[in-house]
Amino acid sequence: TDNAWMETTAFHFHCSEELGKMLPLNAGDDAAKVLWLDISTSGQMDVRFKKFYASHRKWVELVLKSGAARSLAVDDVMQKDYPVRFPVPDDKVAWNVVYPEYSPTFYTSENVRKFERTSAEERFSKDKWGDPSDPKAVEAELAKRETFEVPVPFDEQSGAPRNPRGRTGLMGRGALGLWGPNQAVDPIVTRWDAARGLNQVFAVNRNGVWMLPGGIVRRGESVPEAARRAFSEKIAQESDALFTQTDNRVVYRGYVDDARNTDNAWMETTALHFECSFTVAKMLKPKDDKATWLDIDGQNEAFKLMNSSHRRWVNQIDASLKQRRKQTGLLELVVAWNRIDIAKRVLDDPELFEQRRREQVQRAFQQALMLAVDQKHDAAIAVLLLDYGAKPEDVDLERLFEGRRRDVFEIGHEIQKVTAKATAKPKTIRDSVPESSFDKPLWKAEYAQVISKYVPGFDRYARPKECLDS
């Protein structure tokens, strides 16, 4: 309800074949029947699984996609320098399943060996970022090392940590510097292209695969600091605005199905989502042709070839953003009510923080401008929102001036009085992809001039370089 809701923690337990046979399927007090369902996402989906409770099915499908320890480790072509892995059948992945024939090759790359510390006492540095070759030398450190996979099993004989997801067909550290978990960060930077009506994500091309611009979290570095460094390396100019003017949220924390994983070293990551405002997004230019903004679209061939884990997180964010755009925020409702007194209370109430995030304030500001042409509407609400962080340069001009609302509010006619070219529309139907919002100027002087008729003094807030150029 509005005042009470359910939250849950979903745990995944993967049974060996022997254990699975031991589990009796007795109905509980609240269950009419208990059974094993075949998991399938193909066209041959079990009709019962198809009718599975929606959110539960979503979690099961997530496990199906990411549960295996060795899918990328075995099949991915990115690690061509790795030796051939020992074959591991599906029913022999788990460590608690006896596999006496298992005899994987031990491999740690020469590049890692060059930067190894000699002991636990030696400090991490630019030239010494790898663990000692003997895991027992850092035994105490390994017990305290941050991981999202608890508990981490250890090999009693060698002292090396074991991959918590099971056998991978290769021992050692491979191309990873640390025994056990190697922490990374994956910044998911998205922007909304209003002209084309879709979200885009910033991606980099590594060995022919589109991926998020992530990297290893260095010793003594926080996750946000690592995200900032990793992303800044891929753009042509400073990205301070992205990290100082954009809220971020954790999308995923945990084990990563990575081609570099071995029996004794694996990747874990924290995926952070940064949603760019229009202004910030326009500033972020890829450094070279190995980075780009990808359309988040199932029909986009480049996006379909994105790293599977990364694409799954991005699709999750895309669905969330689209759903949020359909919902009206509290501030937007208050603006529609034309109640500046309530708007002030929402903006000042410490318990309503979620209702006055930067994106919420900006959406309410957009709403205020669309209503400002109505002489009965209090234009002071727009000015109030400016005082609480709304940015004129982030207004969605496509929606404000070129959408259907133009006919309702007659803003288009006002702009045409200022300049005949302002709202000129092509007479012919275009077959090509519409021009991106980010290929257009941020503002045109005519827009600011028209808005100023309804919101006194507005033009002084909107004088970027693009105004002078228009």
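## Buried or exposed

A residue is buried when its relative accessible area is under 20%, exposed when it is over 50%, and partly exposed in between, using a 1.4 Å probe and protein chains only. Asn182 is buried, with a relative accessible area of 5%.

This is a predicted model: local features need pLDDT of at least 70, side-chain atom pairs count only at pLDDT 80 or more, and totals for chains, interfaces and linings use all residues. Residues are numbered from 1 along each chain as its sequence is written, and side-chain values use heavy atoms, with hydrogens and water left out.

## The whole protein

The protein has 20 helices and nine strands. These are DSSP runs, numbered from the N terminus: helices are H or I with at least four residues, and strands are E with at least two. Of the 470 residues, 42% are buried.

The accessible surface comes to about 27,200 Å². Carbon and sulfur atoms account for 51% of that surface. Such areas come from the Shrake-Rupley method with a 1.4 Å probe; for residues, only the protein chains shown count as cover.

A contact means heavy atoms within 4.5 Å. Take the contacts between residues at least 6 apart in sequence: 68% of them join residues at least 24 apart.

Strand β8 covers residues 265-275. Ten of its eleven residues are buried, so the strand is largely enclosed by the rest of the structure.

Two strands pair if DSSP finds at least two bridges between them. Strand β3 (residues 180-193) pairs with β8 in the parallel sense, over eleven bridges. Strand β7 (residues 248-255) pairs with β8 in the antiparallel sense, over seven bridges. Leu272 of β8 stands opposite Pro187. Leu272 is also the bridge partner of Val250.

## Around Asn182

Where is Asn182 found? It sits in strand β3. A polar atom of its side chain lies 3.1 Å from the backbone oxygen of Gly180.

Leaving out residues up to four places away in sequence, Asn182 touches Leu176, Gly177, Ala265, Trp266, Met267 and Glu268.

## A nonpolar patch

Leu19, Met22, Leu23, Leu25, Val34, Leu35 and Trp36 make a nonpolar surface patch of about 640 Å². Nonpolar side chains (Val, Leu, Ile, Met, Phe, Trp, Tyr) are joined within 5 Å, and like charges within 9 Å.

Trp36 lies in the loop between α1 (17-22) and α2 (47-50). Trp36 counts as exposed because its relative accessibility is 52%.

Conventions
Patch = residues over 30% accessible without salt bridge, like charges linked within 9 Å, V, L, I, M, F, W, Y side chains within 5 Å. Salt bridge = Lys/Arg side-chain N within 4 Å of Asp/Glu carboxyl O. Polar contact = N/O pair within 3.5 Å; in protein donor to acceptor, adjacent residues only side chain to side chain.
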